[in-house]
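Hi everyone, thanks for having me. Please have a look at the picture first.

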Amino acid sequence: MKKLKSLSVFFLLVIASKSQAQNADWILIDDFEEKGAATAWTLADTKNETEPRVENPQITVRRMESENGVKNAYLLKKPAAEGVVGNRKALTFKRLPRAVEVGEVYTFYTRIKVESFPNNHVFGISNLDAEGIKQHDYNAFEATLRVTDKTESSGLVNTGALMVKVDGGYANIVDPESGTDAMPLSPGEWYEIWYVVNNAPASLGGQTYDVFVRGGEFTRQTQVYRQADFRMKREAPLTHFLMNCNTGPLDAPYGNGGLMYDDLYMSAGVNLLDPKSTN
Ligand SMILES: [Ca+2]
């Protein structure tokens, strides 16, 4: 099985080199530069158990920063204000500018920055519509990336490294040179993530995604996971970008540390270029 997987990755790379992706191929989902950008996203707190009751506890706001003297707008998301607990599903989603049909491969690009730990965030791509996302929350995801340092009910301690979905749970991304799990994400630092999403049927090797990262210990773009698994494998057109986070339960909250998002793009095929570069 492992041999089969490396073989398919090899073919993927061959396709990548032949496809001659260009920066112009990137389709913007959101870079949050427009003043009203946050209003294009739907916010839904579908399991609000806050006590005392807080209506609409999730915080999803456009913020500004200055990078090397250049102003940049991004999206900050957290399940609730500091000290508020019990918001178990803080969903935020937006329709993709185009659907990824069954059989298609698309590359998604996203920048994230951890505002602070402790936290519990996931984001990725869904093939459900708005009502389906609200109904299924975590099970609305297919390709999924996760940021958390929470301890699982099983006692497993998450380190805060970027995670991918695999059948039966999540896995840390891996440094391919050492073969060891990546280090925890460093708060206050932007990480670039390329995820090559294969929406072919599972019987044809699809419903999987490969992940590349630049940031932290990965000073160059590095493949950090091969063939992570779609969560549900519905084999349906991918239509929405989805984020979720969670304060944890009232009796054992994780912490409300925020996650910052910027530069959400998609591109047909395999595209490992930097969408922000003009080359
Ligand atoms: Ca921006």
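Let's start with strand S7, residues 120–126, and strand S8: the two run antiparallel, and 6 bridges join them. Keep in mind that what you see is a predicted model. If the word "pair" is new to you, here is the background: strands of a sheet pair through backbone hydrogen bonds, either parallel or antiparallel.

Leu145 is the bridge partner of Phe123. Leu145 also stands opposite Val164 in S9. S8 and S9 pair in the antiparallel sense as well, over 2 bridges.

How many residues of strand S8 are buried? For S8, which covers residues 141–148, the count is 8 of the 8. "Buried" here asks for 20 or more other C-beta atoms within 10 Å of a residue's own.

Time to zoom out. What is the order of the strands in the sheet? Reading across, we get S2-S5-S16-S7-S8-S9-S10, an open sheet of 7 strands with antiparallel pairing. Its edge strands are S2, at 42–45, and S10, at 169–172, and each of these pairs on one side only. Neighbouring strands of the sheet are turned against each other by 25° on average, direction ignored.

Definitions and conventions
Residues are numbered from 1 along each chain as its sequence is written. This is a predicted model: local features need pLDDT of at least 70, side-chain atom pairs count only at pLDDT 80 or more; totals for chains, interfaces and linings use all residues. Two strands pair if DSSP finds at least two bridges between them. Helices (H or I, at least four residues) and strands (E, at least two) are DSSP runs, numbered from the N terminus. Axes are lines fitted to C-alpha atoms, for helices over the stretch in contact, and angles run from 0 to 180 degrees between N-to-C directions. A residue is buried if 20 or more other C-beta atoms lie within 10 Å of its own, exposed if 12 or fewer, and partly exposed in between; C-beta atoms are placed from the backbone.
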